[in-house]
Amino acid sequence: MESPYKERFEALLDWAHNHGARLHPSLEVYQDEKTGFSLRIKPSATESLHSPFKAVTCPTSITLSYLNALIDGPITPSPTPPAPNTQKAAFPERFMTSLPPHVIGRFYLIQQYLKGKSSFWAPYISTLTDTSQLDKWTLPPFWTEDDIELLRGTNAYVAIQEIQDNVKSEYKQARKILKQEGFPDYRAYTQMLYNWAYCMFTSRSFRPSLVLSESAREYVERLLPGGAKIDDFSILQPLYDIGNHSMEAEYTWNLTAEPSACDLICRNNYGPGEQVFNNYGKKTNSELLLGYGFIIDSTGEGLHNDYIHVRKRQQQQDDTQAKGGEPQDFLIARDSYWDSDSYSFKTLKSRMGNFTPNLLHYQFEHWDGRLLNDMVSMMATPKQWELFKALPQDRALMNRSLGEELDPLVDMLKATLAQKIERDFVEFSCGEPNGGREWEPETERQDLIKRYRDGYGRVFVNVLMAFGYTNEEIMELRAAAQEDEEDEEEDEEMEDGN
C-alpha cells in the first residue's frame, strides 16, 4: 500500500484498537487492484485461518450514525441513556425534529468531515474516499448524464431517477433549515458533500438491528426520540466495513461474545495472501450496482447474479394482500427458481422465506412465486383460488394438466406475463448503446455498464424462450425496437432543425 494511504490506515488501526476494536493478528489491510482497500491473510503468515475465526470486532463506541447526532459525540452504551436536556444535539432542534434520521446521519458525517483532525472520527474519515475524487466514490445516481443514459431500459436506470430526486429534495430541505436557523457555516454543507455522504452510508453502512448487541439495542431504543425506529437509519462501522463482498462467503455477525460489540466471524478457510470476505446478503446485480458500484460477473460454473426486478404499481386491498402476499418487489430469474440445482434456487431460497411452490408455480420457472400468488389472487375466481391453494407440491408432477378449472387461469397468466416481458424487452432494446450495434467501452465505468447490460439481457432471452419465442423472433423484436428508436431520434433532430 502506497503513501499516504499506508499512514492513514495505520492511524485507523491504532485509533480503533485504542477504543476497543480488534483485527485478527494474522490479517492486514491492503490495496487490491480490483476491490480496492481490502482485508487479507498476511502473505508472511505461516498458517492458514480455518473456519470459524473472528476477523474483526467493532465496538458500538466507534460507530457513526444518526445516534451520534442526537448527543453530538460517541455512543457509550450504559444501563440508562443520558437524562433529557443533558445532552446537546449536533444541530438545531428544528433540524433534529423535522428531518428523517437517515438525512440527519448524513449531515452529521459531513459535519465530522468538516471538523478535520478535531473530529473524534478523524482517523476513520481520512480512510474514506476523498471527496475530490469523484470518479472513485460516486455511485450510479451521481454519474455523468452520458453514462447514466447507457443504463436506459434497466432497473438501475429507473431507480437512479428516483434516487436523484430524493437526494436533491432531502438536501434542499435540510440546508434550508440550517440557513433559517442561522447555523454556523451552513454554506459549507454543499450538495456535493451530501452526495458523498449518501454514497458513504449507502455503500458501507449496516442495519442497526443486525449489528447492535442486545445491551446496545436497549440503550439505543431508549435514546431514540418518539416515533423513531431502530432501522430508520444505518450505522457506519469503522474497520468492520473494509471487508468486501463475496456471494460465496459464509459468515455470522456475533453480537453475544462481548457487550456492545459486533464480531465478524468468517466460516471459510483462507490461506496466506488470500483476501478475506464479508457477505452483504442476497443482492442482485441491480442492487449491487446501485448500492456499491459493482456487479458479480457470470462464471463457467453456472454462478450468476442476473435478475430483473418487477415492482407492484399500487397497493392491493387488504383481502387481496392476505391472499397474494406482501412483497412489493419481485424478481425474474435468469434460470429456474424451482430446480434445486440452479443457482437462482440456491441464491434466492432465503429471500423467498417460507414460500412453498406448487404445480402452478412450476409452470413459470423464471418467475417469483410471490408475484404469481399476487396475480392469481387478482385473476382467479373464488373456486379457482381454492383449487390453486390445494394444488400438489411435488415437482415430479409438473407436466400434467391442472384441470379444466385451472388451465384457463394458467393460459391467462402466461399471456399476461409474456406480454409484460416482451414490452420490457422492447424498452430495454431501445436503450441499447450505439443503436444496438457492437460497442467498445471507453472507461472502466462503461465496461461495468456493458457487463451489467449483458447479464440483464440474458434474463430477457431466457424468459422469452421459455414462453416459446425462437431466437429469430427475439432478434426481430430487438431489431424492430431499435429501428423505431432511430426513427424517433431522426424525427427529433428534424424538429430541432426547424
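This is a predicted model: local features need pLDDT of at least 70, side-chain atom pairs count only at pLDDT 80 or more; totals for chains, interfaces and linings use all residues.

Visitor: Why is R106 called buried?

Guide: Buried means under 20% relative accessible area. R106 has 10% relative accessibility, so R106 counts as buried. R106 belongs to helix α4, residues 101–115.

Visitor: What makes the link between the side chains of R106 and Y194 a polar contact?

Guide: The limit for such a pair of N or O atoms is 3.5 Å. The side chains of R106 and Y194 make their polar contact at 2.9 Å. Y194 is also among the residues in contact with R106, including E170 and F201.

Visitor: Why is the pair of F91 and Y189 called edge-to-face?

Guide: Centres must lie within 6.5 Å, and planes over 60 degrees apart count as edge-to-face. For F91 and Y189 the centres are 6.3 Å apart and the planes stand at 75°, so the pair is edge-to-face.

Visitor: What makes the pair of F107 and Y189 stacked?

Guide: Planes under 30 degrees apart count as stacked. The planes of F107 and Y189 are at 15° and the ring centres 5.8 Å apart, so this pair is stacked. F107 lies in helix α4 and Y189 in the loop between α8 and α9, so the pair ties together parts 82 residues apart in sequence. F107 and Y189 are both buried.

Visitor: How do you know that the charged end of R40 sits over the ring of Y30?

Guide: The distance limit is 6 Å from the ring centre, and the charge must also be within 35 degrees of the ring normal. The charged end of R40 is 4.2 Å from the centre of the Y30 ring and sits over that ring.

Note on methods: Residues are numbered from 1 along each chain as its sequence is written. Side-chain values use heavy atoms; hydrogens and water are left out. Helices (H or I, at least four residues) and strands (E, at least two) are DSSP runs, numbered from the N terminus. Buried means under 20% relative accessible area, exposed over 50%, partly exposed in between (1.4 Å probe, protein chains only). A polar contact is a pair of N or O atoms within 3.5 Å; within protein, one must be able to donate a hydrogen and the other to accept it, and residues adjacent in sequence count only if both atoms are side-chain atoms. Contact means heavy atoms within 4.5 Å. Rings of Phe, Tyr and Trp (its six-membered ring) pair if their centres lie within 6.5 Å; planes under 30 degrees apart count as stacked, over 60 as edge-to-face and the rest as tilted. Lists of a residue's contacts leave out its neighbours within four places in sequence.
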